[in-house]
Each structure stands twice: as C-alpha cells, then as structure tokens.
Amino acid sequence: MDTSQTLLVLMAVPLSASLLMALIPSRRASIRVFESIHVLSITLVLALGGMLVASVVVTGETVSAVGLWFRLDPLGSIFVALIVVIGFMTGIFSLPYIRHDIETGVVDSPKVKQYYLFFNLFVFTMLLVSLSNNIIVMWVAIEATTLSTVFLVGLYNTKTALEAAWKYVTVCASGVAFGLYGTLLVYADAANVMADPNQAAFLSEIIPYASQLDPKIIMIAFVFIAIGFGTKAGLFPMHTWLPDAHSEAPSPISGLLSGVLLKCAILVIIRFYTLSISVVGPTFPQTVMLILGAASVIFAAFAVFVQDDIKRKLAYSSCENVGVIALALGFGGPIVIAAALLHCIMHALTKSYMFCLSGNIVMKYGTRDLGKIKGVIKTAPATAVLLTIGFLALSGFPPFAMFVSEVMLFLAGVATGDIWLVIVIALALTVVIAAFTLVVIRSVLGDAPEGMKRGDVPLAALVPEFLLVAVIIWFGIALPAPVVAGVESATRQVVQASGIDSDQTLLSGSLFAGLQSSIMDE
Amino acid sequence: MQPAFAMSFLGLAAIAIPFIAGIVIALLPRAAGRWISIGASTLSLVATIAIAAVFASQGMQSQTVDLVSIGSCTILGLVFDKVSVLLAPAFVGIGLIVTIYSLSYMSANNREHPDAPRRRFYAFLTVFIGAMPGLVFASTIVGQLVFFEITGACSWALIGYYHTAESNKGAMKALIITHIASVGLYIAAALLFINTGTFELTAIAQLDPTLKTYVMLAILIAAWGKSAQLPFYMWLPSAMAAPTPVSAYLHGASMVKVGVVIFARSLISAGTVPEAVGWVGVIGAIVTLVFSFFMYLPQKDLKRLLAFSTISQLSYIFLGLSLSVFGSQLAFQGSVAHIFNHAFAKTLFFLVAGTLSYTTGTRMLPKIKGLMKKMPLVGIAFGVAALAIAGVPPLNGFFSKFAIFAGGFQAASGNWILTTIVIVGLIETICCFAWFLKVMDGALLGEPSEVVAAAQPVPRSMVVALVVLIVMTFVSSGIAAAWLG
C-alpha cells in the first residue's frame, strides 16, 4: 500500500465504520458491537494517520490521492495529527462516559448507536476538511462537520440541548454560507485567469497564478471567508452558537469540538489567508485577522470570568484561544505562523483534556453548575489534581504546553511593533487566569456537599486524561523534535506560498534558530 | 569531572529534586509528605552548598552553562557567579528550616490554626523551594519568566491554604497582581529577543541605550510587582492569611526576593546602565520606603507590621541597587548582602510570630507582654530579629544597611537630590529602630500577660529552627562580606 492509497484508506475507515453502524439495528445488537467497531475505527485512524503524518514530516513531500482532489501537505498534517490523536483520546474516553450515561438512564441503545455513528462520521468530515485540495469540497466538508455534530450536540434530547443544536445548525450554516461566497469568488476569479479553468477549484493549482488574480475580488473574498469560516471557528462576534453547543454536547464531543473542529476552520482560514497575502500583500488580511482576534480575546476573557457553568467557561475559553490564534495571524511574519500553529496544537491538547475532565465532574456531580460543584478534592482526588493542573495549564502557566506558544505570541507581537496590543492582551489573559484559579479555589478545593461518596470516576476514564496531561507537561518542558519539525515545515509552506519573504532562509536547522536568523536579517 | 559540568549537574539537581518530590508527595499517602519534603530540600541544600564549594575552589570565576538550546538559541541556562552562588543556598536552606518548623506548626496542637497538613501544603512548598534556585541560577530571561510564574502559582496555592474567604482573597490578590507585573518581564523578554536574537540576559549589554532603558524598566516593573513595592504592594499584607511558616518563606527567601533578584541580575548583565533606570529605581524606592514606614504605625497584628517592614526593607535593597547605577559598587554589594541578611532576620521574625500563634493562640501585639520571663528563647529570638531588622550592630542588618548607605553617599556625592534621598532613607532607619524598640519594650519586658502566661511549651522542631536562625542572624553578614569581598 503506497502513501496515496493509505490516504484514501484513512478517510474510508471512519466513514465505513459509521455506515456499518448505521446498518446494524440498535435494538438487536448489544452496545458492545458499536463500541468494538468504534474502537477499531479510531485505532486504525490513529495508526494510519500517524504513519502518513510521519512520512510527510520526515520526507517533507506532499502526499496526494485521486489526482488533485486530496492532498496531505505539511500544513494539513499538523491538523490531521490533531484529529487522529485527539480523536483517539476522546474516543477512548467516550467508552466509560457513555456507559455511565446508560447507567443513569440518560441515553438508551439507539442513542448509543447514534453517538458512535456520528462520532466516526465527525472524524471523517474533519479529515476531509484537512485533506481536501478542492476548495469547494473543503467548504462542503466544513458544512458536513456541522451536520455530523449537530446530532451529537442534541444527543441528550433535553430542552437546552435541542435549543443548542438548533442554534448551532442555523448560525453555522448561515455563517458558513458567507464562506461559500468567498470560496466561489476565489474560484471564479481563478477560472478567469488560469490556462485550464477546470483546475480552478484546486488550491494547489491556484497558488501559482496568485499574481494574476484580481486584488479587489480577493479582498472581498477574504472578508467573506474570514466571516464565514470565522463563524465556524468561533471568532467574536460570530461565536454565539459556540458556548451553547460545546457545553450541551457530551463531554468527549465537547473536547473534540473545541480542541479540533475549531482548528479545522482555522486551517481553512490559514489556507485562504496565505493565498490572499500572495495576491494583495500582507496588510489587508492581517488587519482583518488582527481585529477579529483582538476582539475575540478581549470579549471572551471577560465572558470566561462571568460564567458559572464549567463547560460554558471552557467553551468561552476556546473562543479566547481561537482569538489568540487569529491574533497571531494578524501580527504576521514567520514567527507568528509558527506561534499560531503551535498554539493550535497546545490548545487542542489542553482543551480536549479539560473537557474530558469536565466529563468526570458531570459523571460525579451530575451537574455543570460551579455553584453546586464543591470539594472535588474530597470526592474525587485524582480528578481534582488533574483539574488543578489543567486550569493552571489553560491559564498559560509554565511548565505546561500553552505557556510556550503564548510566550511566542507575545514575542511576535512585540516584534511587529504592536507592543501596546500585546500588553492589553496580556492583561486580558490575566482575567482568564483569575477566572480559572477562582474555579480551583471555589470548586476543586473546600468541602464536598453532604452525602457525596468518595471515589473517583472509572479508571478507563482517567487513563486518557493521564496520557494527555503527560503530553501537556512534556510539550511544555521539552517540545519534541518531530513536533518542531512538523511546525517548521508547515510554517515554511505558509511562508513560501504567501510569498512574503520566500527567499529568506527561514528555517535552516530549527525553528528558533531560523526565527533568530530571520529576525537578524530584518 | 569538569567544574562547569559539576556545577551545572548540581544546579539541575537542586532544582529538579524538589520538583520531582512535589509530584511524589501528591501521589503518596499524606503522612509521607513532610519527610519527603524535608529530604528533598536537604538534598537541594547540599547541592547548592556543593556548588558554592566547587565555585570557590575555582577562584570564583563567573561561568554560564547552557542547558536547553534550540539551534543556536539558548532557552535555559545556569549562571554561576558570586551573587547566585551566595543566594541559592540561603533560599533553599531557609526553605528547609521553614519545612522543619512546619512539622510542629502545622498540627492539631496549634492554638490559632489547628490543622492536619494536607498533601498540597508540602507539595507546593517543596516545588517552591525548587523554583528558587531555578530563578537565582537562570541565565536567560525565559528561565526567569518560567520560575517567576511558578513561584506565583505556588504562593497562590499556599496563601490560600486555609481556604477561608480571607485567605482565598489574599491568594487571588497575590497571583493576579504579580501576574500583571509579570507582563513587564514578558515585554522585556520579547524586546531582548527581537533586538539581539537571544534570551541570554548578558545580551542586555548589547542593546543601544534607549532600548536598554526600556528593557531594564520593564524588568523593574516586574520586580516591583513581586517585591511588593508601590504601586503593587497591596498583595503582601493580604498574603498574611497564609500559614505563618509560608509567610516566613514568602517574606524571607522566596516570593518577594524574586523581584530584587531579577533586578540585580539585570544590573549585573547590563554593562553600563542608563541613569534613567537609576532615577526611576531610586524614586520608586524612596516613595515606597516612606509610605511603608507610615503604615507601620497603625498595625496591631504582628504579622501585618512585619509585612510593611518587609516592604520597607525591600525598598532599601531597591535603593541600593538603583544607586549602584550612579557608580557605586559598594551600594550594589550592600544590597546583595542585604538580600542575604534580611532573609534570615525576617524569617526568624515570622517564625517568632508563628511560635506565638502556636503557643498562645494570638499574635496581636497588645495582648503579648513579658515574653522574656515566660519564654526566654522566643523573647531572645524576637529581640534579635527586631534589632537585626532595625539595623543595630552587631546584628547582620547593620552591616548591609551600612554598606548601602555608605555606597549611596559615595554615589550621590555632588548631586543634592540623590543626597537628600539617601538622607531620607537614613532617617527612616532611625524611625524604624525607634518603633521596633517600642514594640520590643511592650512585648518582651514586664510581667507576662494572661495569654503569654497560659502558653504551651515550644515544640522541639520550632526550637531547632529558631536557634539556627538566631545564629545565622549573627553570622550571615560575615559570610556575605567574606564572599562578596
């Protein structure tokens, strides 16, 4: 099996898993059947995805399949890595979580089938987003992620869950429609100038013609794209669906939504951002991202503070972190591309970890209301320790992963001369720190409500969390060389494609060394 | 074994052992925590002393060792010079003394705060002890930033330990205010890296004067935040809600010392420092100094009085460090010696306050009378600590303050504004002395008051801690003077 076949198999596995589950009648089959198919599927996805990403990082060569339709480039491989790794972790965490839901009678066996079926479909659609080279398919895939997750958001059939699901589907579908306008504008403009207009939907083929594209049209298109896919990414002020959907969904799904799906939308934005820069120069696309990013961070920081629902707090924190990534793109320049990509990775790990932990809380306390969650340290000590680490990590403390990318962001902001904005953002992040440390003080510590039994959640739920926390600390202390190499080659790809300073020997050797030399050249 | 290699190995051990111990404490049963904590801090102390031995045997040559580099860019490194090698054992050693003291203090017998220590007390205290040599030895600004933030998180966890409304508030204040100040350090790191391509602190020397001023001022802001100077002082009096051994460590040898250490390190690294930095530092110091003295007067709680005393003592250090910008090496050395000396004296004073809480159940000054008759050791410790802080010879505070002022006059000669400022500082020490005499008179002499007469005996581990610190309060200035030369 060569790499291009592997690519197709990678996409086929979760798709066929979900189709297979669709064919099995839920009344007859035991839930074990669905669980087994699910575990098999996510394990295969992890193995195949890992192999492919490794080959791209090692050889630096892009893998393509079915002609120009699917492509795994260095940029995409970062996101594929996130999908397969976090998909696997949250997938494993789903097993004890859904079992617990069955015990408490929240879900029945058709719901279990629905859960695992859409979980796999969801993984498939995200893979499609990051592997698609055809911009129209990319848009379709983003829409498909909405459709595949809306039934997961509404899984519990409660009033609030259904409301959240409706809000999610209407806001995202209408928002992403703007993305379609933008996509079509790019396509139409490319079809005008390209020698073979039939290839105008393939991003890799458009890029060489960037200099001939019409700057006015691309500007308009980029605004549409930033708004459209920004809705899906949860940027302010199009974020309104996010806190509802992410908090009502089952916790493993919240983790996957916040950790990975938002990043997939970011990937689409980065792809068009790169194209726009090569057409209209860096100023315009950067300004758009800067405004959206700064507004998101500042707004979401306060929103995180005032929420009293643990999952809504985490959901708003996702808005804030997507804002940080957008802001990094707004600062512009090679360091920030690297910082933005690193932040995608770090935040994906940390946030999916935190949503899994919020799942522990929900299992233990049966509520998400922080006013009622007290004394986790007394009732579930392991969860409490993990939560404390998680909240500190999410606040950007060393030695945890997000500290690294936040420092790089500050650095980049100061480098581009936006020192005052950096200070404002740093203060906004202080509000987030206050919000999260208060949760630790008020809910994790202290006395447990009366009558709560001591005892942690099942070990099967704790194992993926321990794995994730180990990765978060590991990445915070010593970023492993393959990750650095992956981020480097993705950064190189973005920088070269956008043509900002393609002659710069940006990343000779390693990330920081490269950044160093790029700074010294300026 | 190469001396540089030996020192960096020991330095890493001094930092890493307490960190690992912190994790181990969290995993093991509660009873094991205290012993692991003591073991880890002892090992860390041994490592720092061994560094001093190697360093001295090498003729005290300053050395920098890079630990973590990505490409040619150093992310973390250790610097061994007279300042860092002197301060690290002091900070770790005081951590050890505080841990030993906590064995008795954190118990059900405590009359003010009966408590069975939960694991997080020893876990965070141990990590804190490891972060201090990390900060002192850090040769890069990123390294400083990492340990700066870790000490912030540890102090947050420890100040909030009793989990009352007051202590939670104190914990949040400490974390948020020092974090706001830390933005200065982030900015300094970014400016340094962008303009020199490295995080190494020695690169500050390569900056042009304007940028150097900005970077140094940004560091100074972060330093003010941690060292509780105006306008950031608010967190320190609130942090009194911490268990007293923690307060002792925060004031004596950790949290507030972080600020002066990073400022001192930047002065060492910067080569010629623009005078603007000196002016800002001197003015900030003298304003805080006068302010904190006036805050002494209404305090009845011994711990709150000590909090303002810490603020003023740190102002002396900032004053000395900033005056050194105007060309006085003596003022700089005096300040470093004062960091060292004040660490012992202030820890001693807090542990006295803690002993009073433990034995009598109060630390309100009006209720405490006649300590000398009932508890002579505590009385002596109280007197020694108060006189050392007030700067009375032959106690350690006198020598370092003397050096600061002598150096100050030397630097200020010919500049009437600076001279006036130094004189104001000098007057403050006299007022401080007078005030502490009054406090001592009330607490030590006369017949024991009701609570003092009913006091329970002082436990052995407290006696050990107090005796060691009394001895150090006499001899530390000699050590500092011999070491700094």
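**View 1. Packing of helices α3 and α13 in chain B of a predicted model.** In this predicted model, helix α3 (residues 82–105) of chain B packs against helix α13 (residues 329–360) of chain B at an angle of about 5 degrees, with their axes 10 Å apart; axes are lines fitted to C-alpha atoms, for helices over the stretch in contact, and angles run from 0 to 180 degrees between N-to-C directions. Helices (H or I, at least four residues) are DSSP runs, numbered from the N terminus. The angle makes α3(B) roughly parallel to α13(B), a term for angles under 35 degrees. Among the residues making the contact are B:Val83, B:Leu86 and B:Tyr105 of α3(B), and B:Val336, B:Phe340 and B:Tyr358 of α13(B), where two residues are in contact if their C-beta atoms, placed from the backbone, lie within 7 Å. By class, this contact has 15 nonpolar, two polar and no charged residues (Ala, Val, Leu, Ile, Met, Phe, Trp, Tyr, Cys and Pro count as nonpolar, Asp, Glu, Lys and Arg as charged, and the others, Gly among them, as polar).

**View 2. The side of chain A that touches chain B.** Here 30 residues of chain A are in contact with 28 residues of chain B. Helices α15, α16, α17 and α20 of chain A each supply at least two residues of this side, and the largest share, 10 residues, comes from α17(A).

**View 3. Confidence in chain A.** The mean pLDDT of chain A is 88, pLDDT being the predictor's confidence in each residue, from 0 to 100. Over residues 502–511 of chain A, however, the pLDDT is below 50.

Residues are numbered from 1 along each chain as its sequence is written, and chains are lettered from A in the order in which they are written. Local features need pLDDT of at least 70, and side-chain atom pairs count only at pLDDT 80 or more, whereas totals for chains, interfaces and linings use all residues.

Terms used:
Parallel < 35°, antiparallel > 145°, perpendicular 65-115°, else oblique.
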